[in-house]
Amino acid sequence: DLRLFKNLLFSVNLFTGLLVFVALTGTTFLMPFFLQGALGYQARIVGLLMATIPIFLGVTAPVAGSLSDRYGTRPMTVIGMAIMVIGYIAMHAANVQMPLWELVVRIVPLGLGMGIFQSPNNSAVMGSAPRERLGVASGLLSITRALGQTIGVAVIGTTWANRVFWHAGETLAGGATTAPIPAQVSGLQDVFLVLVGLIACALGAASWAWRRERQLARLPATQPSD
């Protein structure tokens with residue numbers, strides 16, 4: 001039922017969820033290339049470091065869900081995406097001289113922001129759908145998540161490879177992982193700038209929708225009484 005998309009809250013939260021999953025999945029896909037290929041960490045260290053994102057997501061998601069019940073879903077999703085923007089800006093400065101502890105500090109906002117965003121966003125999508133369309137809403141939520149993950153690996157991975165070839169000055173037959181380390185790192189920094197723009201776009205859409213909803217909520221109070 002395409003009339004579901006007439007609901008502003010429903011449509012915007014699906015859209016922002018799609019962009020967030022594109023960004024986070026693309027990050028999860030690319031980071032091992034940087035950590036193991038460029039920085040030279042062993043696979044077990046890379047795995048532990050990558051676990052930072054789901055750990056903070058799991059810790060903050062229940063708290064964010066509870067706070068969204070009290071203060072509303074839209075403020076929490078906006079706060080979550082704002083934290084993710086900060087995280088991606090911080091990750092843009094990643095380089096081969098960066099110590100492990102500093103890298104962890106820069107990754108934490110990604111998991112923290114995603115945890116704050118996801119539970120309220122899921123609640124908003126399901127809560128804005130009519131009761132008789134909850135099954136469809138749940139299906140669309142799953143499709144959005146899977147589509148974002150698929151696009152994230154394909155598009156962000158391709159963007160990184162193209163930027164690595166550009167910095168290397170040639171297209172390498174062995175792929176982007178055979179490029180000089182400085183070219184790989186510069187390509188990753190370019191990708192993080194793209195991801196900053198992507199999450200900022202989602203943040204802008206959510207902020208606009210929040211403002212619009214507040215305006216609509218005030219309309220009845222401004223109408224003259226009989």
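H167 is partly exposed, because its relative accessible area of 32% falls between the limits for buried (under 20%) and exposed (over 50%), taken with a 1.4 Å probe and protein chains only. This is a predicted model, in which local features need pLDDT of at least 70 and side-chain atom pairs count only at pLDDT 80 or more, while totals for chains, interfaces and linings use all residues. Residues are numbered from 1 along each chain as its sequence is written, and side-chain values use heavy atoms, with hydrogens and water left out.

H167 belongs to helix α6, residues 134-168, where a helix is a DSSP run of H or I of at least four residues, numbered from the N terminus. Leaving aside residues up to four places away in sequence, H167 touches A183, S186, G187 and D190, a contact being heavy atoms within 4.5 Å. The C-alpha atom of H167 is separated by 32 Å from that of P54, which is 113 residues away along the chain.

Turning to helix α3, its 20 residues (52-71) should span 28 Å at 1.5 Å a residue, and the end C-alpha atoms are 27 Å apart, which agrees; the expected span is 1.5 Å times one less than the number of residues. The buried residues of α3 are T52, I53, L57, T60, A61, A64, G65 and S68, and their cover includes α1 (8-38), α2 (43-50), α4 (73-91) and α5 (100-127). After α3 comes G72, which has a positive phi near 105°.

In the protein chain as a whole there are 7 helices and 0 strands, and buried residues make up 45% of its 226 residues.

Methods: Helix = DSSP H or I, 4+ residues; strand = E, 2+ residues; numbered from the N terminus.
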